[in-house]
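Let's take a walk through this model together, one neighbourhood at a time. Please keep the sequence and the 3D view open as you read.

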Amino acid sequence: QVTLVESGGGLVQAGGSLRLSCAASGRGFSAYGVGWFRQAPGKERHVVARIGWIGGSTYYADSVKGRFTISRANAQNTVYLQMNSLKPEDSAVYYCAASEKCYSSTQCRSENDYEYWGQGTQVTVSS
């Protein structure tokens with residue numbers, strides 16, 4: 001059983017940066033793949049980035065490639081999402097999700113593949 005808690009959201013001007021954290025409680029988090037998702041009002045939730053637990057392979061949605069970086073600090077049971085050059089269209093509630101099945105970033109392409117979810121953190125980017 002894993003519990004996820006996101007933090008680090010807030011209000012930032014366009015061009016600014018935020019770092020989101022996904023802190024996990026429970027044993028063995030280093031053997032979980034993690035995805036960051038976002039959902040804007042009136043829109044579907046979709047993946048932003050994924051990181052596997054074997055080799056730390058990563059995947060990024062085209063909309064954030066080159067601006068966002070996903071990383072993990074297994075000793076701290078935490079996965080980060082560094083967001084740079086933020087745009088108003090990045091505004092959304094950001095969720096992290098985890099699953100033991102997601103050993104590589106090529107796995108778990110659907111949000112239905114993830115068993116554990118955090119409560120979300122709001123990111124608002126002003127123009």
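Asp-113 has a relative accessibility of 24%, so this residue counts as partly exposed; that class sits between buried (under 20% relative accessible area) and exposed (over 50%), judged with a 1.4 Å probe and protein chains only. You will find Asp-113 in the loop between β9 and β10 (116-117), where strands (E, at least two residues) are DSSP runs numbered from the N terminus. The model is predicted, so to speak: local features need pLDDT of at least 70, side-chain atom pairs count only at pLDDT 80 or more, and totals for chains, interfaces and linings use all residues. Residues are numbered from 1 along each chain as its sequence is written, and side-chain values use heavy atoms, with hydrogens and water left out. Staying with Asp-113, its side chain reaches the backbone nitrogen of Arg-109 at 3.3 Å. Leaving aside neighbours within four places in sequence, Asp-113 is in contact (heavy atoms within 4.5 Å) with Ser-99, Lys-101 and Cys-108.

Now turn to the charged pairs. The structure holds 5 salt bridges, a salt bridge being a side-chain nitrogen of Lys or Arg within 4 Å of a carboxyl oxygen of Asp or Glu. In one of them, the side chains of Asp-90 and Arg-38 meet at 2.9 Å, N to O. Asp-90 lies in the loop between β8 and β9 and Arg-38 in strand β4, so this pair ties together parts that are 52 residues apart in sequence. Asp-90 also meets Arg-67 in a salt bridge, at 2.8 Å from N to O. Because Arg-67 lies in the loop between β6 and β7, this second pair ties together parts that are 23 residues apart in sequence.

Another salt bridge joins Lys-65 and Asp-62, with the closest N and O atoms 3.1 Å apart; here Asp-62 counts as exposed, at 66% relative accessibility.

Next, look inside. The largest nonpolar core has 31 residues; such a core is a set of buried Ala, Val, Leu, Ile, Met, Phe, Trp, Tyr and Cys residues joined through side-chain atoms within 4.5 Å. Leu-4, Phe-29, Trp-36, Leu-81, Met-83 and Tyr-94 touch the most other members. Among the elements that give two or more residues to this core are β3 (18-25), β4 (33-39), β8 (78-83) and β9 (92-99). Apart from this core lies another, of 6 residues, including Val-47, Ala-97, Cys-108 and Tyr-114. Beyond its neighbours within four places in sequence, Leu-4 is in contact with several residues, among them Cys-22, Phe-29, Cys-96 and Trp-117.

Trp-53, Ile-54 and Tyr-103 make a nonpolar surface patch of about 290 Å². Patches are made of residues with over 30% relative accessible area and no salt bridge; like charges are joined within 9 Å, and nonpolar side chains (Val, Leu, Ile, Met, Phe, Trp, Tyr) within 5 Å. Ile-54 is found in the loop between β5 and β6 (58-60) and, at 48% relative accessibility, counts as partly exposed. Ser-127, in the segment after β11, is exposed, with a relative accessible area of 89%.

Terms used. Helix = DSSP H or I, 4+ residues; strand = E, 2+ residues; numbered from the N terminus. Areas by Shrake-Rupley, 256 points an atom, 1.4 Å probe, with all protein chains shown as cover. Polar contact = N/O pair within 3.5 Å; in protein donor to acceptor, adjacent residues only side chain to side chain.
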